[in-house]
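Reader: Could you walk me through a helix pair in this one, and then a few backbone details?
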Amino acid sequence: MSFLSFFKKKKRPSQLTMPQLWEKLRRSSDFVEVSFVVGRKELSVYYFDSLVDPKVLQENILCHLQNDLSRRPDVQLENLQQIVPIQRIEVSEDAAAIEEKVLKGFVVVSFREQPGKAALISAANENLGLRENNDTENEFSVVGPKVGFVENIGTNLHLLRRQIVTPNLVFREMMIGSVSKTKVVIAYIDGVANPETIRTMTQRIEAIDFDVVFDNAIIDQIIADNSKTPFPLFLSTERIDRAVYALVSGQVAVFCDGSPYAIIGPSTFFDFFTSPEDYSLPWVLGSFFRLIRFFGVMFSILASPVYIAVLTYHYEMIPEDLLGPIIYSRSNVPFPPVLEVLFLEITIELLREAGARLPTKVAQTLGIVGGIVIGQATVDAGLASTILLIVVALAALASFTTPIFKMSNSIRFIRFPFILFAACWGGIGIAFAVCGLLIHLGRLQSLGYPYLVPFYPLRVRNFRDTFVRSPYSMTAERPTFFRPQSRFRYDPENAKQKRDIDE
Amino acid sequence: MKQTLDERFLISPFLVFFIVHATQVGVGMLGFQRPLMEDAGQDAWMAVLLAGLATHVLIWLMYRLLAYSPSGGDIVSLHKHYFGRWFGGVLSIGLLAYYALAAFTVLQSYIEIIKVWMFPLMGAWQFSLIFLMLTYYVISGGFRVVAGLCFWGVVIPLATIFPMMAFAFEYAQYRNLLPVLDHSPTQILKAVNDMAFQYLGFEVLLMYYPFLKNAPSSQKWAHASNVLTIFLYLVVILISIIFYNKEQIAHITWPTLTLAKIPEVPFIERMEYIVISIYVLVVFPNLVVAVWAMARVVKQLFSIRQRRSLPVLIACLFIGTLFFEEKSDIERFIQWTSKSGLFLIGVYIPLLYVYVWVVEKVKKSLQQKQ
């Protein structure tokens with residue numbers, strides 16, 4: 001919870017009054033305010049729509065307030081318990097306490113005749129958001145929470161607000177889609193996210209003219225800065241911790257009703273290679289696995305092109321000892337290396353695509369049939385060499401280490417241009433392709449922020465959480481490239497305190 | 001023409017470090033040792049150092065000169081301001097010709113290496129076509145993308161190629177360095193003259209100066225970058241001196257590439273193929289920055305949109321590469337580029353500075369009289 005301490009830090013210097021509190025909470029569109037008159041009493045009810053169980057609210061609170069209050073005009077806030085059949089009712093005058101409670105799903109009832117006082121009735125819907133199965137299936141992690149977003153936007157907002165307990169978490173709602181009228185919510189933390197970012201995101205979403213918004217992925221594509229790139233420009237996640245982390249770092253999240261994914265922008269290229277698990281493991285292990293993942297990406301892109309380049313043009317590069325096995329395994333293969341590679345790569349793509357379309361249980365069988373039977377048979381039939389089979393299988397395996405599915409797709413795709421370049425111009429071709437890739441990435445922007453940051457433009461200070469996941473004592477500062485409004489997530493001094501030996 | 005650039009097109013001053021270094025180091029790094037050691041033998045490293053120090057002075061001079069240019073403009077607007085539209089325009093066209101020559105030489109000399117070392121039978125036009133197409137892709141992204149390419153062109157080769165140099169120490173003959181100062185000053189100065197060409201490339205600063213955020217503060221980065229360049233050349237020349245003897249080096253055209261043959265690892269041989277491939281990243285910024293400067297001069301001079309002029313310029317370069325493929329042609333182009341570059345930097349820029357300085361002085365004294 002360390003990243004929530006920006007809230008703790010400014011421990012509210014001046015006392016908040018109740019009208020100010022309501023004013024503050026009203027910024028969020030899920031905050032509801034109902035006023036009505038019963039008998040001679042004017043009363044107001046305040047609550048967060050996303051946190052309160054509507055059944056409890058109607059049957060146990062509103063119903064009794066409306067029916068019983070007129071019969072018992074002597075009821076004050078203090079003895080509200082007499083008419084409202086709910087176990088926890090507290091009366092408070094402290095606006096800060098009320099704020100905290102209302103953010104946890106309490107309904108606030110206040111009478112006109114008793115200003116400055118309010119009754120807090122617990123109506124939090126604890127079970128909301130726990131659908132039969134909301135495990136994070138696609139972004140799985142062994143350690144850490146496994147609850148993910150679901151198709152219900154109310155649930156998602158509830159899940160988010162349960163982790164970010166501050167009124168600064170603002171939800172801005174809008175309707176997108178001329179037919180579907182889908183509810184889309186932009187979430188950000190006021191005072192952290194840059195107003196410029198929020199404005200850009202809001203403008204782009206408001207400008208969408210589309211009929212049916214099936215999923216967040218459609219919004220993602222429409223608002224992307226560049227539609228001709230194979231790379232995802234916004235992170236999409238079904239994990240709550242990832243979304244919370246993004247909000248706390250100053251990014252903006254977009255939720256869409258009917259989509260179990262949140263899209264997060266602006267994102268950088270390196271966001272797609274971090275896994276929430278890195279943060280659950282000790283930093284040494286987290287960094288190690290992250291480096292393995294980067295290595296996996298490079299291997300996955302370069303392995304088969306290098307095989308092609310070396311075997312087609314630069315066979316002088318193969319050392320004498322390695323030459324024997326390569327000749328042995330390739331002597332039966334009648335094709336040039338390019339065709340051999342393309343054959344195996346496409347086989348693997350087919351397996352992957354078939355596996356993704358089939359029901360889980362069949363897919364497993366298919367994996368075995370494809371992986372073992374076809375692979376072995378290909379080599380036996382002399383259509384591909386054993387060494388290449390190993391290379392391609394490893395490259396495929398390595399490409400699946402990318403935690404975000406969209407990025408892992410992009411990586412699988414960009415191997416093919418690399419393969420073609422390697423087939424045409426060998427090692428130089430690979431270098432050309434790398435150049436082209438770097439230029440392409442350098443041109444991309446996400447919500448107007450450079451995609452390759454912190455590498456280009458170089459921001460050395462923000463390297464703490466890229467290749468290496470630094471210990472928490474060093475990550476108190478938010479990444480500056482999103483230009484957050486407040487610099488620190490938590491007090492760096494507290495985190496850095498070090499005792500002398502034997503003290 | 002005098003419009004100032006929008007801030008989002010500008011780059012941070014420290015990126016000058018990468019641009020200057022990326023433009024200084026190029027194909028020359030692969031084979032600068034031979035002429036140098038013919039003149040100065042084991043004292044060649046002094047020439048490297050002296051030429052580097054001279055470069056520092058010239059960088060300083062260039063920053064002083066550009067400070068005079070009206071509203072932080074580039075050298076084209078400076079020419080126009082001090083020499084009028086016509087004569088200033090002629091001078092700028094000379095500059096354009098120089099950049100074109102530089103771009104062409106870079107392209108051709110690298111393609112020659114590819115041809116000699118890797119693909120003797122493949123048509124050179126394929127490589128120049130890809131190079132130029134990628135060049136167009138970079139430049140159409142704007143100067144920020146060009147600077148980004150320079151960044152990668154410094155970082156990746158430094159991380160991959162440079163460590164390979166250490167393998168040569170296994171066979172080092174440190175006595176090759178002795179005797180120190182065995183050559184006459186004239187010999188060393190002749191070597192300095194050869195070496196100065198290898199430091200060229202920073203003169204593109206004359207064009208991208210307006211693209212720097214808070215440009216005068218970038219001067220320290222330009223100097224730092226030159227220090228890195230000196231360091232790299234020094235390391236390479238020292239390794240070459242201790243690895244080769246004088247007779248050997250007379251027969252090797254690209255000593256640095258031959259050095260790259262030394263590393264032996266169990267799974268790969270002939271590392272120079274990797275070096276040549278990665279060298280694309282070193283050469284590419286040279287070409288791109290030069291072509292960018294050409295398009296920029298054309299825009300400033302004739303107010304032609306870069307989107308229009310760029311394809312034409314690139315097509316001209318491509319057609320040029322089809323006609324001059326012989327080794328002797330390339331040698332001649334290298335000579336021309338070297339001479340005109342040295343003239344530009346060593347003679348023209350100091351003279352221009354003196355002229356501008358005098359004009360400003362005179363103007364000031366006239367104003368005071370009034």
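Author: In chain A, the axes of helix α10 (residues 283-312) and helix α14 (residues 386-399) come within 7 Å and cross at roughly 155 degrees. Because angles over 145 degrees count as roughly antiparallel, α10(A) is roughly antiparallel to α14(A). This is a predicted model, in which local features need pLDDT of at least 70, side-chain atom pairs count only at pLDDT 80 or more, and totals for chains, interfaces and linings use all residues. Residues are numbered from 1 along each chain as its sequence is written, while chains are lettered from A and ligands numbered from 1 in the order in which they are written.

Reader: And which residues of α10(A) and α14(A) make the contact?
Author: On α10(A) they include G296(A), F299(A) and Y307(A), and on α14(A) they include L388(A), V391(A) and S399(A), with contact taken as C-beta atoms, placed from the backbone, within 7 Å.

Reader: Changing topic, where is a cis peptide bond found?
Author: One joins V453(A) and P454(A), with omega about 5 degrees, and another joins Y456(A) and P457(A), with omega about -5 degrees. P454(A) lies in the loop between β12 (449-450) and α16 (492-496) of chain A, and P457(A) is placed in the loop between β12 and α16 of chain A as well.

Reader: What about phi of R483(A)?
Author: Phi of R483(A) is near 50 degrees, a positive value in a residue other than glycine, and R483(A) is also found in the loop between β12 and α16 of chain A.

Methods: Axes fitted to C-alpha atoms, helices over the stretch in contact; angles between N-to-C directions. Helix = DSSP H or I, 4+ residues; strand = E, 2+ residues; numbered from the N terminus. Parallel < 35°, antiparallel > 145°, perpendicular 65-115°, else oblique. Contact = placed C-beta atoms within 7 Å.
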